[in-house]
Amino acid sequence: MAFAKKTATDDVFSFSSFDPSKFSDNFRDFAEKGSAKTKEAIAKVKEASEEASKTVEATLQSAQAGTVELGMSAIGMVRSNTESSLAHLEALLGVKSVSELFELQTAFLKKQAEVAVEQVKVFTETSKKVAEDVSKPGKAAAEKAMSSFKMTA
């Protein structure tokens, strides 16, 4: 039995058992698999980059639209306050007594306080809406990314 063991060892280490065609076939298979995985990874990176670019673009568009909306809302408030103040000044020019002056001034200040509260409420709601619109593309992209991780995991 010792003789059979020596023969098996000789076969393993003998140069004649090395088949270069098998080595090159194995190496070719390994290289092709590596190349395919690299191409797949590059395609995924490209797709992710395109999605990120679209997300940034959508976010910027939402931010721009939101800025315009907030600006228009602020301009509307300034216009309303200016018109109200000018109307109040006109009314003050026609005052006949000090008591009438105090009455007009008190009514004006009360109305302005109510208007200010309403304007703050409207501006806050508009700001919330704009913030939600601006964050929507990012949230959608994050949810999509998380769902793709769940599928591949």
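**Salt bridges and buried contacts in a predicted model**

Visitor: How exposed is K136, in terms of relative accessible area?
Guide: K136 counts as exposed, where exposed means over 50% relative accessible area, buried means under 20%, and partly exposed lies in between, with a 1.4 Å probe and protein chains only as cover. For K136 the relative accessible area is 52%.

Visitor: How should the predicted coordinates be treated where pLDDT is low?
Guide: Where pLDDT is low, the predicted coordinates should not be read in detail.

Visitor: How many salt bridges does a search of the whole structure find?
Guide: A salt bridge is counted when a side-chain nitrogen of Lys or Arg lies within 4 Å of a carboxyl oxygen of Asp or Glu. One of those found joins E40 and K44, with the closest N and O atoms 3.7 Å apart; because E40 and K44 are four residues apart in helix α2, about one helical turn separates them. E40 is partly exposed at 47%, whereas K44 is exposed at 52%. For the whole structure, the number of salt bridges found is four.

Visitor: How many residues apart in sequence are the parts that K129 and E69 tie together?
Guide: K129 and E69 form a salt bridge in which the closest N and O atoms are 3.3 Å apart. K129 lies in helix α3 and E69 in helix α2, so the pair ties together parts whose separation in sequence, in residues, is 60.

Visitor: Which residues are linked in a network of salt bridges?
Guide: K136 pairs with D133, the closest N and O atoms being 3.7 Å apart, and because K136 and D133 are three residues apart in helix α3, about one helical turn separates them. D133 is partly exposed, at 25%, as are K129 at 38% and E69 at 31%. The linked residues are E69, K129, D133 and K136.

Visitor: Which residues is Q119 in contact with, leaving aside its neighbours within four places in sequence?
Guide: Q119 belongs to helix α3 (residues 98-152) and is buried, at 15% relative accessibility. Contact means heavy atoms within 4.5 Å. With those sequence neighbours set aside, the contacts of Q119 are M77, S80 and N81.

Visitor: And which residues is S84 in contact with, with the neighbours within four places in sequence left aside?
Guide: S84 is part of helix α2 and is buried, its relative accessible area being 16%. Apart from the neighbours within four places in sequence, S84 touches F108, K111 and Q112.

How values were computed:
Residues are numbered from 1 along each chain as its sequence is written. This is a predicted model: local features need pLDDT of at least 70, side-chain atom pairs count only at pLDDT 80 or more; totals for chains, interfaces and linings use all residues. Side-chain values use heavy atoms; hydrogens and water are left out. Helices (H or I, at least four residues) and strands (E, at least two) are DSSP runs, numbered from the N terminus.
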